[in-house]
Amino acid sequence: MKEHGLYIIKDEFLEVIRRIGGDCDYKNGNKRPIYCCIKDNKIENLYWAIPTSDINHRSSEQHEYYEFCLNRPDNDLRSCYYHKARTTKEALYKISSCFPITDKYIDHEYTSCGTHVIVRRSETVNEIERKLKRILAFESRRPNYFKQHITDIKNYLITEINNEGNKDVAN
């Protein structure tokens, strides 16, 4: 995976989240782009992913909630739940729905006109990463606070990574 790239995840990963007790309301999640923003700084082959969504088809209540969160003061964690950015259209990054992921669960790159979509605007990347770090810091103090069970997903993937590494050593 490339940092700051958009990808389509395998439906199998959504099943992993459900199996470990997380709630992933990623309707058509295996078709919606996932923004893989940064590589984990401690665990090799682990990336942090953020579901993205087209904001135009959201209800007025949803828009009100997004605006409520986006307009919270910086010291309020809810200010980090979402980020709106514009590419070819306005997109919503659901940062509080983030999760760790590995290459195993990536189906393919999300492309536009045959080119892998990579977020390149530094202001967007920096702001998303800032918000993600706050969400992850909060999660480290309160494991599985968020509905997708970030900590359980991470532990599951670490076990998979370690088991794969042991298979490579045995061969």
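How many helices and strands are there in the protein chain? The protein chain has 4 helices and 9 strands, taken as DSSP runs numbered from the N terminus (helices H or I, at least four residues; strands E, at least two). This is a predicted model, where local features need pLDDT of at least 70, side-chain atom pairs count only at pLDDT 80 or more, and totals for chains, interfaces and linings use all residues. Residues are numbered from 1 along each chain as its sequence is written, and side-chain values use heavy atoms, leaving out hydrogens and water.

**Overall build**
- Starting at the N terminus, the elements follow the order β-α-β-β-α-β-β-β-β-β-β-α-α.
- The C-alpha atoms fill a box of roughly 55 × 40 × 30 Å along the principal axes.

**Burial and contacts**
- Of the 171 residues, 44% are buried, meaning under 20% relative accessible area with a 1.4 Å probe, protein chains only.
- Contact means heavy atoms within 4.5 Å; among contacts between residues at least 6 apart in sequence, 69% join residues at least 24 apart.

**The nonpolar cores**
- A nonpolar core is a set of buried Ala, Val, Leu, Ile, Met, Phe, Trp, Tyr and Cys residues joined through side-chain atoms within 4.5 Å.
- The largest one holds 28 residues, and Tyr35, Ile50, Tyr93, Leu132 and Ile135 touch the most other members.
- Helix α3 (122-141) is among the elements giving two or more residues to this core, and its 6 residues are the largest share.
- Beyond its neighbours within four places in sequence, Leu132 is in contact with Cys37, Ile38, Trp48, Ile95 and Cys98.
- Another core lies apart, with 19 residues including Ile43 and Leu46.

Note on methods: Buried < 20%, exposed > 50% of the residue type's maximum accessible area, 1.4 Å probe, protein only.
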